[in-house]
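The tour below moves from ring to ring and then to charges.

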Amino acid sequence: MAEPQLNAETKPSGLRWVMVGLIFLATVINYLCRQAYAVSAPTLQQVFSLSNEDYGLLTSGFFFAYTLSNGVSGPIIDRLGVKRGYLLCMFLWSTAVGLIGAAQNVWMLAGFLMLLGLGEAGNWPAAVKVVTEWFPPKERSLASGIFNSGAGIGALVGPTAVGLLLIHFGWRPAFVIVGFIGYVWMIGFALVYRTPATVAAEVTARPPPPWQLLKTRFLLFFALSKMFMDPVWYFYVFWLPKFLTDVHHFNLKQIVWLAPVPFIIADLGNLAGGGFTQVLISRGIPIPHARKTGAGVFGLLMVSAIPAIIAHDPYVSIALISVAMFGYTGYLANTLAFPAEVFPKNSLGSVWGLASMGSGMGGMFFQWLSGRMVDRFGYYPVFIGYGIMPLIGVAIMFFLMGPLRPDPRFQNLSEI
């Protein structure tokens, strides 16, 4: 839908930075919960007698639920609105991570991980709607980069925070404490969040049905590109501590201090990706072209996964992994703003959720495959594969997804 011209009445409110701060914190908590599981992996493997393939299967179970939830959480958030939808998702995933600390056997662990996936999937459809409701088009890549930097911060503080909790309290209290943080966020969000009056009519209009959205070329190929791009990030999030332990023989204290380094660099990628695109826009490049250019440039940096496994020096390996993660977050800062170029605001939760089913399916398959390959062949083929996959994702974006322009089928809200 064409964006209105800004005037004295429609000039963006300064509150938009408060709102992006809230979804930044939600994303931090989202990834802190994932890191609680990833950092605890060696302990959980001992407690529940899990092989690497078993660990990969459990993580695949998380992504199976994550995939299903993406298909329904986006449409639910479009129906309920950002406020109620976000609160529901946060409640589910915070409760799930706390329950992991109560797991008595591998089946309970698997069930609580799936509940975690059901809740966590809703973060991005809800956050994308917040950005689109509060920010004008030229600021959306930067705002998306800011909120998504919460993923890097959560993954950054996760190894240190969870590692210290494991050392001082044990793994069960660690999960309970991490889950409690989400409840605190819910109180603040419930008190502060509102939808801007200037977009209320568009946001509350009846959204198109998901099956109608799935007929579009953009959504189908956007989901396919995410199937190849997002699992690369998931691999680093869930497997980096194990990789450093298995290959470079890091102990828990080394992981606490060194595993966060790639996530620090990744956070810079969020801001660099959005900032790079804003520079292109300021130089007269049309917004859709600037977004795709930024996504392509940063996506190609992810190929550094291949030399990362070849390097024998652990610090060189960490540096190259950092470059790949920097590339991913710069790529994502731009693609988070893609749907708003094509669809109206009342359908963005659905669009992002449906597209992210590609992420979930890719994560589910490649997490299982990663565990199987590590058990049988080690990490070499895994890293090579994750270095090639971004090339496929970027090619889909450029050659198959189509242009980023409003789809005329969804622009007349009165007919939706």
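Predicted model: local features only at pLDDT ≥ 70, side-chain atom pairs only at ≥ 80, totals over all residues.

Begin with the rings. Across the whole structure, a search finds 38 aromatic pairs. Take tyrosine 31 and tryptophan 124, which pair edge-to-face. Their centres lie 5.9 Å apart, and their planes make an angle of 85°. Tyrosine 31 belongs to helix α1 (residues 16–39), while tryptophan 124 belongs to helix α6 (residues 123–134). The pair therefore links distant parts of the chain, 93 residues apart. Both tyrosine 31 and tryptophan 124 are buried.

Next, look at tyrosine 55 and tryptophan 239. This aromatic pair is also edge-to-face, at 5.2 Å centre to centre and 80° between the planes. Tyrosine 55 sits in helix α3 (residues 52–80) and tryptophan 239 in helix α11 (residues 217–246), so the pair ties together parts 184 residues apart in sequence. Tyrosine 55 is buried, as is tryptophan 239. Both residues belong to one aromatic cluster. Its other members include Tyr37, Phe235, Tyr236, Phe243, Phe365, Phe366, Trp368 and Tyr386.

Charges also sit over rings. Arginine 34 lies over the face of tyrosine 31, 4.5 Å from the ring centre. Lysine 226 does likewise with phenylalanine 222, at 5.8 Å from the ring centre.

Lysine 226 and aspartate 230 are buried.

Stay on helix α11. Lysine 242 and aspartate 246 also lie there, 4 residues apart, about one turn of the helix. Their side chains meet in a salt bridge of 3.4 Å, N to O. Are these two residues buried or partly exposed? Lysine 242 is buried, because its relative accessible area is 4% and the cut-off for buried is under 20%. Aspartate 246 has 33% relative accessibility, so it counts as partly exposed.

In total, the structure holds 9 salt bridges. One of them joins the side chains of glutamate 53 and arginine 376, at 3.2 Å from N to O. Glutamate 53 is in helix α3 and arginine 376 in helix α18, so this pair links parts of the chain 323 residues apart. Glutamate 53 is buried, with a relative accessible area of 16%. Arginine 376, at 44%, counts as partly exposed. Glu53 and Arg376 are linked with Arg372 in a network of salt bridges.

Now find serine 370, which is in helix α18 (residues 348–377). With 3% relative accessibility, serine 370 counts as buried.

Finish at the surface. Leu15, Val18, Ile187, Leu191 and Val192 form a nonpolar patch there. Together they have about 460 Å² of accessible area. Helix α8 (residues 171–192) gives the largest share of the patch, 3 residues. Isoleucine 187 is in helix α8. Its relative accessible area is 57%, so isoleucine 187 is exposed.

How values were computed: Residues numbered from 1 in each chain as written. Heavy atoms only, no water. Phe/Tyr/Trp six-rings, centres within 6.5 Å; stacked < 30°, edge-to-face > 60°. Helix = DSSP H or I, 4+ residues; strand = E, 2+ residues; numbered from the N terminus. Buried < 20%, exposed > 50% of the residue type's maximum accessible area, 1.4 Å probe, protein only. Lys NZ or Arg CZ within 6 Å of the ring centre and 35° of its normal. Patch = residues over 30% accessible without salt bridge, like charges linked within 9 Å, V, L, I, M, F, W, Y side chains within 5 Å. Areas by Shrake-Rupley, 256 points an atom, 1.4 Å probe, with all protein chains shown as cover. Salt bridge = Lys/Arg side-chain N within 4 Å of Asp/Glu carboxyl O.
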